[in-house]
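I opened this notebook to record what I looked up in the structure, one entry at a time.

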Amino acid sequence: MTINREARSSLLAQLLTAVVIAAAAGALSGKPWAVAALYGGLIAVANTLLQLWHMRRAERIAKEDAERILRIVYRCAAERIFSTIVLFLIGFVKLKFNPLALLVGFLATQMTVVLTKYFLKFNSD
């Protein structure tokens with residue numbers, strides 16, 4: 001599986017963001033917040049990895065069947081939504097993480113995807 005420059009940069013930026021946000025949460029509010037923020041960040045990373053996996057599958061069959069690619073896209077969207085909800089429920093209910101810390105970790109890490117794409121596009125122009 002090859003990962004293009006943009007996807008690799010985005011993934012690395014997400015991992016870095018998750019660690020930085022967790023460290024900041026830990027410094028400001030203690031270890032439980034750090035762990036919750038890191039978990040939230042890793043939900044976003046898992047979401048990106050799932051999307052990359054589906055993209056690679058779609059690339060392999062790109063010239064074969066457009067309908068099949070569309071099914072992969074819909075399945076990817078459904079799996080990402082479902083896995084995110086399940087991971088949030090595990091974090092909130094089973095692990096009893098602080099909701100604010102978990103959400104901040106997730107949102108900051110997820111926003112990294114948008115910002116990375118923006119900066120990569122801006123720098124390539």
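**Entry 1: the model.** I note at the outset that this is a predicted model.

**Entry 2: helix α1.** I checked the length of helix α1, residues 5–29. At 1.5 Å a residue, its 25 residues should span 36 Å, and I find the end C-alpha atoms 35 Å apart, which agrees. I then listed the buried residues of α1, among them A7, S10, L11, Q14 and T17. Just after α1, I found G30 with a positive phi of about 105°.

**Entry 3: α2 against α3.** I asked at what angle the axes of α2 and α3 cross. The axis of α2 (residues 31–60) comes within 10 Å of that of α3 and crosses it at roughly 165°. Since angles over 145 degrees count as roughly antiparallel, I recorded α2 as roughly antiparallel to α3. The crossing is right-handed. In the contact I listed Y39, I43, N47 and W53 among the residues of α2, and I72, R75, T84 and F88 among those of α3. By class, I count twelve nonpolar, six polar and four charged residues in this contact.

**Entry 4: two residues of α3.** Is T84 buried or exposed? T84, which lies in helix α3, has a relative accessible area of 12% and is therefore buried. Leaving out residues up to four places away in sequence, I find T84 touching I43, N47 and F106. E67 is also found in α3, residues 66–94, but at 55% relative accessibility E67 counts as exposed. From E67 to F88 I noted 21 residues in sequence and 32 Å in space, C-alpha to C-alpha.

Key:
Residues numbered from 1 in each chain as written. Predicted model: local features only at pLDDT ≥ 70, side-chain atom pairs only at ≥ 80, totals over all residues. Heavy atoms only, no water. Helix = DSSP H or I, 4+ residues; strand = E, 2+ residues; numbered from the N terminus. Buried < 20%, exposed > 50% of the residue type's maximum accessible area, 1.4 Å probe, protein only. Expected span 1.5 Å × (residues − 1). Contact = heavy atoms within 4.5 Å. Axes fitted to C-alpha atoms, helices over the stretch in contact; angles between N-to-C directions. Parallel < 35°, antiparallel > 145°, perpendicular 65-115°, else oblique. Left-handed = near helix turned anticlockwise from the far one by under 90°. Nonpolar A, V, L, I, M, F, W, Y, C, P; charged D, E, K, R; others polar.
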